[in-house]
Amino acid sequence: MKKKLGLIITLLVLTLVGCGSNVGASDVHSVDDLEGKKIGVQIGTVGDTYASDYEGDEAGTVVERYSKGNDAISSLKNGKVDCVIIDEQPAKEFIKRNSDLSILDEEFTLEEYAIVIAKGNDSLEEDVNKALAELIADGTLDMIIDHYITDGEVEGLAYTSPEGLDYANGELVMATNAAFPPYEYYANNSIVGIDAEMARAIADKLNKKLVIEDMEFDSIITAVQGGKADLGVAGMTITEDRLKNINFSDPYTTSKQVIIVRNGESGAVASIKDSIYQCFIEDNRYQYLVQGLWNTILISLIAVLIGVVIGFFVAVVRATHDKTGNLKLLNALCHVYLTIIRGTPAMIQLLIIYYVIFASTNISKVAVAALAFGINSGAYVAEILRGGIMSLDQGQFEGARSLGLTHGQTMRYIILPQTFKNTLPALANEFIVLIKETAISGYIGLQDLTMAGNIIRSNTYQAFLPLITVAVVYLIIVMFLSAGVQKLEKNLKKNERHVYD
Amino acid sequence: MTKECIIKVENMTKSFGTDVVLKDINTEIYKGDIIAIIGPSGCGKSTFIRTLNLLEQPTAGAIYVHDVDITHKKADINKIRQKVGMVFQHFNLFPNLTILDNITLAPVKTGQMSQEEAEKKAMELLERVGLIDKARAYPDTLSGGQKQRIAIVRALAMNPEILLFDEPTSALDPEMVGEVLSLMKDLAKDGMTMVVVTHEMGFAREVANRVMFFDEQIIKEEGTPEEVFDNPKSERLQNFLSCIK
Ligand SMILES: Nc1ncnc2c1ncn2[C@@H]1O[C@H](COP(=O)(O)OP(=O)(O)OP(=O)(O)O)[C@@H](O)[C@H]1O
Ligand SMILES: [Mg+2]
């Protein structure tokens, strides 16, 4: 009861914070005003490059870099930055949905968007350029662009694949960052936009099936370089720096950077009912959460299994070494494993496993994440179990060994069952930590529960409901788990006290 | 009459680091022997008895069980331990197993008996010590005396040739000492070979055929109970005996 009460109070406090007062107009009216201001950009974009020129100047300009355009906009709305430099078309989309924002008239130079292709992949580059030329010639590309760049609402898709395609040439994987309307964004649980549809049209021409991988903007080039994706299509401007690492196709459209500021009008404050509708009902957005929850549970379950297997193995090797002095080499290996895993952040481990170890393998992200978290958790499970084994009375080992049982049998029938029971609370705690740790899966573009909340947040510009919902779902999972463990613990205890006859 | 030698200790030395606990011990243990080991605290009684089944590895010398040197790397120590049972001061029952499983685990897992045979044997032994109603109970529900009797039964279930006891009654409340000692006396009557580290001088005098007094890193004095208790030769033994009277 106390728990629920605490929860409700927290919710109310957060509501008040969430509905904080409106922030006034930005003090930025032209490029000349940028000095000394806080500039928001999306990390790795051309806007970032422009803003970086001001960074660290005498006036104290600060550049805030966000991984998504939407996050930069949210920060602008609630006053965390004074302006946002971003590509023109997304900017137009953003102000269409946010009446409290405006675009300054001033513009930066014209840029060209093109498709990113790995260096050396000449045949694909040739194919893509040929397909692109055809799409421009027959008007398909213009048709797609006109569909998305409109003053009205965008409805449905622009391009329909011709019938009878058998995709005999396999898959074409496109890396993108789907928070950049109208080029790429989530609608109705799939990624749409100019880039997405153009890429599909290109794939169709190559007789390949398009697969879209959503990831951080600054991961796209690495993904294409490493072979995780064939193409990077993400409103990517051709720049000298990028050309050093990657090739570009012929440009398919032009754009320019613009500055978005707060115009002083108050943004429409949605009622709770509208908020709920926007966050969950509209566009079937609740499905992001359902899918995310499923992925989170799946990753956690597999990771726990992997973690327990690794943990048991390592703990037994280490304890055997401690007790008998055998298994020197294995023990040394286990020691290295424990040192590395416990000495580095889980997120870095996840990124290394995805981008380095499985760089050119086509393996599902859920599998990669489960493996990464399993390997990570195994180290902690191992140390918990080893502590449990070492803290057992030495007499348990001696009692078993004096009967002629081998070390292995002693471990299996006497030591590990007792260790498991004694360490259950610590293990449960580790699993709770693990479940919450999976929240970083978004870094490899995996749509877990946290990522689902983020997608909804970036589509609706609402922080409160998506974040609270995600938090509550995690809380419920953890509470269920704790209750289950408590029950198991009780049962194990009862077992030993129970007299049958 | 030559007696069958079960264990032979040859020039055995045991030290912990630089701390020499036992120095150059020589002795033989024959079938049917009941040896009581006495001596002041810390003189190495436990260490000695634990080297006999290699729970402690001797620093030098050899220990033969029949003709096998168990200190040799190639010796199959698990096989030998099956024949050399041990009962500990703190029982060391397995709290995660029922009494029955405590008793049957080793005979079954070492391949000596089938589960059925082991259970039959366990029930016979439990019957004998009057604890058959505890077969399905867990160790935590037993009294100290009951636990120690179960520990003895557990060792007996392996059909050992010799049983080692390290102060089997020292952790018991006084009123429970009797039940354990009387079980040990029964075993003695049946001809079980036993080595018992004990502070129960009455038991040593009544049951043992040999008494060893450990002191100053060696077996300081050895003889029949009469020789050791009634005619102690060394001053150390005289002092020891006068202290515990
Ligand atoms: N694992 C060990 N490491 C270091 N020293 C040890 C170890 N085990 C025993 N000793 C030392 O060896 C000596 C003999 O110990 P042991 O336990 O054999 O004595 P004991 O005769 O059984 O004494 P008690 O009557 O108190 O049981 C003691 O000085 C003890 O401190
Ligand atoms: Mg002792």
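Guide: Let us start with handedness: a crossing is left-handed if the near helix is turned anticlockwise from the far one by less than a right angle, and right-handed if clockwise. Please keep in mind that this is a predicted model. Here the crossing of H13(A) and H14(A) is right-handed, whereas that of H11(A) and H12(A) is left-handed.

Visitor: At what angle do the axes of H13(A) and H14(A) cross?

Guide: Two packed helices are described by the angle between their axes and the distance between the axes. For helix H13 of chain A (residues 346-357) and helix H14 of chain A (residues 365-391), the axes cross at roughly 135° and come within 9 Å, which makes H13(A) oblique to H14(A). Residues that make the contact include Leu350(A) and Ile353(A) of H13(A), together with Val368(A) and Phe373(A) of H14(A), and the residues of this contact divide into nine nonpolar, two polar and one charged.

Visitor: How do helix H11 and helix H12 of chain A pack?

Guide: Helix H11 (residues 286-324) and helix H12 (residues 328-343) of chain A pack with their axes 9 Å apart, at an angle of about 130°, and H11(A) is therefore oblique to H12(A).

Visitor: What is the area buried between chain A and chain B?

Guide: The buried area is about 2300 Å², with carbon and sulfur atoms giving 57% of it, and 24 residues of chain A are in contact with 28 residues of chain B. One salt bridge is counted between the two chains: Glu398(A) pairs with Arg50(B), their closest N and O atoms being 2.7 Å apart.

Notes. Residues numbered from 1 in each chain as written. Chains lettered and ligands numbered in written order. Predicted model: local features only at pLDDT ≥ 70, side-chain atom pairs only at ≥ 80, totals over all residues. Heavy atoms only, no water. Axes fitted to C-alpha atoms, helices over the stretch in contact; angles between N-to-C directions. Helix = DSSP H or I, 4+ residues; strand = E, 2+ residues; numbered from the N terminus. Parallel < 35°, antiparallel > 145°, perpendicular 65-115°, else oblique. Contact = heavy atoms within 4.5 Å. Nonpolar A, V, L, I, M, F, W, Y, C, P; charged D, E, K, R; others polar. Buried area = accessible area lost by both parts, 1.4 Å probe. Salt bridge = Lys/Arg side-chain N within 4 Å of Asp/Glu carboxyl O.
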